[in-house]
Amino acid sequence: MTISYHKYNLQLIHPFGIANSQRTFTPVVFIEIHFRNLVGYGEASLPPYLPETQDSVISFLQKIDLSTFNHPIEINHILDYVNNLQTNNIAAKAAVDIALHDLLGKFFNKPWHKLYNCNLLKMPATSITIGIDKLSVIEQKVNEAKEFSILKVKLDANNPTEIINCIRQITTKPICVDANQAWANKEMALDIIEWLSTQNVIFIEQPMPKSMDKETAWLKQKNILPIIADESFQTIADIEKMAESFNGINIKLMKCGGMREAYKIIEHAKQLKLKVLIGCMNESSCANLAAAQLAPLANWVDLDGPFMINNNPFENPALENGKIMLNENPGLGLNKLGNF
Ligand code: MG
């Protein structure tokens, strides 16, 4: 087996605003793992607020020597070897995990949702993200989201009611709220959440800073809307303590290291009675369809990455009634359109 990689910038259709930042593109690294006549594709997404960069991913990949492994069926050994090469480098490790899953699925000639024994009838609809912006732009984005049945709305502490009121003049669709840690005062957060609970809101993601999980536990105990951990939850090592402060967790392949780890986390979350949201960074169809293979096991899905970019090198996932429709093609079901 051999590995190759390509730097790429995903161009965003609209500049993407969350609490404290805005950007127009997201750097990624695509990788290919070759075995006989098969190719498995992987992707590392590298939003600027995370520590990894295209160069750090490539320097990690250059340390990987797959020549001692004969077959992708050794996936667990290979992933253990990759994990042990160096700490951190989670997005780079996720790219390798995703490519190996794609490759192995192709070798078995089966899609991963089948290998996971997922019931596709249980696929939740995916939300589409409406970032923080001027109200006129938010209005435009909501109008453009016709294909989607759930909105994921980013809010900060400045004008949350104004943004929700603006959206509610256009649509009654359910809304998931993501505050990206912006509400640093628990009484203020409670006031906003109480009001949001009258606005057909499904859950609140990361209302408070990750350093304030104790205060978040106080919010959870008020039992008004489910509180979901994103920034507070990275890997399986965090999961036990999540159950104290949150009702659920947002699992992203780029945070946890890939499909193998995400599957383990889902199993563990169910034991702890934590709800599962499967989310993404800005990603092409590659990392997105990898996560979507597991999505029928989740309570909620936020896999909108490919729908927010205009230079996806793979075919966009099919959507029906706001749900990602997984195909029966082997591996991740990717259809590559052009060069990286
Ligand atoms: Mg989030």
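Visitor: Why is Lys110 called partly exposed?

Guide: Lys110 has a relative accessible area of 40%. Buried means under 20%, exposed over 50%, and partly exposed in between, with a 1.4 Å probe and protein chains only. The value of 40% therefore makes Lys110 partly exposed. The model is predicted, with local features requiring pLDDT of at least 70 and side-chain atom pairs pLDDT 80 or more, while totals for chains, interfaces and linings use all residues. Residues are numbered from 1 along each chain as its sequence is written, and side-chain values use heavy atoms, leaving out hydrogens and water.

Visitor: Which residues is Lys110 in contact with, leaving aside its neighbours within four places in sequence?

Guide: They are Gly105, Leu115, Pro330 and Gly331, where contact means heavy atoms within 4.5 Å.

Visitor: How do you know that Phe107 counts as partly exposed?

Guide: Its relative accessibility is 33%, which lies between the 20% and 50% limits, so Phe107 is partly exposed.

Visitor: What makes Asp178, Glu205 and Asp230 donors of the magnesium ion?

Guide: Donors are N, O and S atoms within 2.8 Å of the metal (3.2 Å for Na, K and Ca); water is not among the atoms, so sites may look incomplete. The OD atoms of Asp178 and Asp230 and the OE of Glu205 lie 2.1 to 2.2 Å from the magnesium ion, and therefore qualify as donors. Along the chain, the donors follow the spacing D-x26-E-x24-D.

Visitor: Are Asp178 and Asp230 buried or exposed?

Guide: Both Asp178 and Asp230 are buried.
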